[in-house]
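I opened this entry to record what I looked up in the structure.

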Amino acid sequence: MMSNTPEYYIGKVFKYKAADIIEDFNLSYNIGSVCSYILRAGNKSSKAMSEMDKQIDDYFKAIAHINLEIDRLSRTKRVINKRDGRNE
């Protein structure tokens, strides 16, 4: 079967696909997105911005998803602590 995976999501040496790494490690949506943005940074071009600006943009997107994951985990922790009667 032919792969529709863009080249910027495939490693240059071992040909690992970002999606396969994310699936193999059973990553959440946000952390999977972090991995994708970091792995493609510097490899995906954009007509609207320079290569360096696109790379910086990908890193900012990765940071945004890390922050979303931290927020998600913090909310989950609060719910669990409230359920269990803890004030942590």
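**Glycine after helix 3**

I checked the backbone just after helix 3 and found Gly-85 with a positive phi of about 75°. The model is predicted, so I log these values as computed.

**Helix 3**

Next I looked up helix 3 itself. I count 33 residues in helix 3. From its first C-alpha to its last, helix 3 reaches 48 Å, close to the 48 Å expected at 1.5 Å a residue.

Which residues of helix 3 are buried? I list Lys-54, Asp-58, Ala-62, His-65, Glu-69 and Asn-81. I noted the general rule here: an α-helix has 3.6 residues a turn, so residues three or four places apart point the same way. I then asked what covers the buried residues of helix 3. The cover includes helix 2.

**Helix 2**

That sent me to helix 2, residues 29–40. Helix 2 has 12 residues and spans 16 Å from first C-alpha to last.

Just after it, Gly-42 takes a positive phi of about 85°.

**Whole chain**

I stepped back to the overall layout. The secondary structure comes to three helices and zero strands. Read from the N terminus, the order is α-α-α.

How does the radius of gyration stand against that of a compact globule? The protein has 17 Å, while a compact globule of 88 residues would be near 12 Å. I also took the box along the principal axes. The C-alpha atoms fill roughly 50 × 35 × 20 Å.

Burial came next. Of the 88 residues, 19% count as buried. For contacts, I took residues at least 6 apart in sequence. Among those contacts, 43% join residues at least 24 apart.

**Surface and charge**

The protein exposes about 7,100 Å². Carbon and sulfur atoms supply 58% of that area.

For charge, I have 15 positive and 12 negative charges. Their mean positions are 4 Å apart.

Conventions. Residues numbered from 1 in each chain as written. Predicted model: local features only at pLDDT ≥ 70, side-chain atom pairs only at ≥ 80, totals over all residues. Heavy atoms only, no water. Helix = DSSP H or I, 4+ residues; strand = E, 2+ residues; numbered from the N terminus. Rg over C-alpha atoms; globule rule 2.2 N^0.38 Å. Buried < 20%, exposed > 50% of the residue type's maximum accessible area, 1.4 Å probe, protein only. Contact = heavy atoms within 4.5 Å. Areas by Shrake-Rupley, 256 points an atom, 1.4 Å probe, with all protein chains shown as cover. Lys, Arg positive; Asp, Glu negative; His and termini not counted. Charge placed at Lys NZ, Arg CZ, Asp CG, Glu CD. Expected span 1.5 Å × (residues − 1).
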